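Reader: Could you take me through this one while I have it open? I'd like to jump between topics as they come up.

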Amino acid sequence: MFEFTLFNFAQFADQGLSLYATLLLTSLSAKTRMYGFLVFILVNIPGIYLLVVTELWWILAVTPLWLFLNFKGLLNNFRESRQGS
């Protein structure tokens, strides 16, 4: 039987937000892509919980690089959306 636990909720939230962010990142609009980057940052919250629970600590070492690339993309999309307006 399916149990509704914090771990299962984190898995569903992680996968659901990842799919939604991927959809937003495929947009031609810079503003929509910027929202996709913001959603990917929110994905970090359940993702880090899952890494801690499953004891995959080594992946947490890559998180600062992942966040840097996301913020760089977010900033570039913000600048592009300001130029186009």
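Reader: Which side chains meet in a salt bridge here?

Author: In this predicted model, the side chains of R33 and E80 meet in a salt bridge, at 3.2 Å from N to O, where a salt bridge is a side-chain nitrogen of Lys or Arg within 4 Å of a carboxyl oxygen of Asp or Glu. R33 lies in helix α2 and E80 in helix α4, so the pair ties together parts that are 47 residues apart in sequence; helices here are DSSP runs of H or I with at least four residues, strands are E runs of at least two, and both are numbered from the N terminus.

Reader: And how many salt bridges does that rule count?

Author: The count comes to one salt bridge by that rule.

Reader: Before I go on, what should I know about the numbering and the cut-offs on confidence?

Author: Residues are numbered from 1 along each chain as its sequence is written, and side-chain values use heavy atoms, with hydrogens and water left out. Because the model is predicted, local features need pLDDT of at least 70 and side-chain atom pairs count only at pLDDT 80 or more, while totals for chains, interfaces and linings use all residues.

Reader: Back to the pair: is R33 buried or exposed?

Author: R33 is buried, with a relative accessible area of 16%, whereas E80 is partly exposed at 41%; buried means under 20% relative accessible area, exposed means over 50%, and partly exposed is in between, with a 1.4 Å probe and protein chains only.

Reader: What else does the side chain of R33 make a polar contact with?

Author: The side chain of R33 makes a polar contact with the side chain of N77, at 3.1 Å. Such a contact is a pair of N or O atoms within 3.5 Å; within protein, one must be able to donate a hydrogen and the other to accept it, and residues adjacent in sequence count only if both atoms are side-chain atoms.

Reader: Where does N77 lie, then, and what is it in contact with?

Author: N77 lies in helix α4 and counts as buried, at 6% relative accessibility. Leaving aside neighbours within four places in sequence, N77 is in contact with A30, R33, M34 and F37, contact meaning heavy atoms within 4.5 Å.

Reader: Switching to the overall fold, how many helices and strands are there?

Author: The protein has four helices and zero strands. The radius of gyration of the protein is 15 Å, well over the 12 Å that the globule rule gives for 85 residues, so the protein is more spread out than a compact globule; that radius is taken over C-alpha atoms, and the rule is 2.2 Å times the number of residues to the power 0.38.

Reader: What box do the C-alpha atoms fill?

Author: Taken along the principal axes, the box is roughly 50 × 30 × 15 Å, and 31% of the 85 residues count as buried.

Reader: Which residues make the nonpolar surface patch?

Author: V62, L65, F68 and L69 make a nonpolar patch of about 400 Å², and F68 is found in helix α4, which covers residues 63–84. Patches are made of residues with over 30% relative accessible area and no salt bridge, with like charges joined within 9 Å and nonpolar side chains (Val, Leu, Ile, Met, Phe, Trp, Tyr) within 5 Å, and the areas come from the Shrake-Rupley method with a 1.4 Å probe, where for residues only the protein chains shown count as cover.
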